[in-house]
Amino acid sequence: ELEFKFVFGNALPLQIVPQVYMLENGTVIDSIFEGGSHISGSFDGVNTEDIIVVKIKDEKLHNIQLADQLLLKLSLTSLGNDVVINANDYFNLKVGVKTKTTEIYLDDLNF
């Protein structure tokens, strides 16, 4: 069993919908997130932090073992709001992977 922990910091006036695809030889074989996961936008000037924990087991665990790449896709939406992006607006992501025997952290990944 694997557990992914995604910590998203968002100072953009955009809601973000994340997805991580598992690829084998360039073909998508599965995805990490089910549906409905999103990162809140900073529409009121307050930076947001969202934490999403995903447990991988059974068939998904088999598929992640087959995968030779993980592809991160982020869909952005303004939710109908007017958007002005300033130079100091940002989005960051920290990823942790936990197994029953060890932990691996990949901090501040730049995609």
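**Exercise 1.** In this predicted model, find which kind of contact the side chains of Lys55 and Glu3 make, and where the two residues lie.

*Solution.* Step 1: the N to O distance for Lys55 and Glu3 is 3.6 Å. Step 2: a salt bridge requires a side-chain nitrogen of Lys or Arg within 4 Å of a carboxyl oxygen of Asp or Glu, so the contact of Lys55 with Glu3 is a salt bridge. Step 3: Lys55 belongs to strand β4 and Glu3 to strand β1. The two are 52 residues apart, and the pair links distant parts of the chain.

**Exercise 2.** State how many salt bridges a search of the whole structure finds, then work out which residues are joined into one network.

*Solution.* Step 1: the search finds three salt bridges. Step 2: one of them is formed by Lys60 and Asp30, whose closest N and O atoms are 3.0 Å apart. Lys60 is in helix α1 (residues 58-66) and Asp30 is in strand β3, so this bridge ties together parts 30 residues apart in sequence. Step 3: Lys60 also meets Glu34 in a salt bridge, at 3.5 Å from N to O. Glu34 sits in the loop between β3 and β4, 26 residues from Lys60 in helix α1. Step 4: through shared partners, Asp30, Glu34 and Lys60 make up one network.

**Exercise 3.** Classify Lys60, Asp30 and Glu34 as buried or exposed.

*Solution.* Step 1: the cut-offs are under 20% relative accessible area for buried and over 50% for exposed. Step 2: Lys60 has 16%, so Lys60 is buried. Step 3: Asp30 has 17% and is therefore buried. Step 4: Glu34 has 61% relative accessibility, so Glu34 is exposed.

**Exercise 4.** Determine the geometry of the ring pair Phe6 and Phe33, and describe where its members lie.

*Solution.* Step 1: a search of the whole structure gives four aromatic pairs. Step 2: in the pair of Phe6 and Phe33 the ring centres are 5.0 Å apart and the planes stand at 50°. Step 3: planes under 30 degrees apart count as stacked and over 60 as edge-to-face; the angle of 50° falls in the remaining class, so the pair is tilted. Step 4: Phe6 is part of strand β1 (residues 2-10), while Phe33 is in the loop between β3 (27-31) and β4 (48-56), 27 residues apart. Step 5: Phe6 is buried at 4% relative accessible area, and Phe33 is buried at 3%.

**Exercise 5.** Name the residues of the aromatic cluster that contains Phe6 and Phe33.

*Solution.* The cluster is formed by Phe4, Phe6, Phe8, Phe33 and Phe91.

Technical notes: Residues numbered from 1 in each chain as written. Predicted model: local features only at pLDDT ≥ 70, side-chain atom pairs only at ≥ 80, totals over all residues. Heavy atoms only, no water. Phe/Tyr/Trp six-rings, centres within 6.5 Å; stacked < 30°, edge-to-face > 60°. Helix = DSSP H or I, 4+ residues; strand = E, 2+ residues; numbered from the N terminus. Buried < 20%, exposed > 50% of the residue type's maximum accessible area, 1.4 Å probe, protein only.
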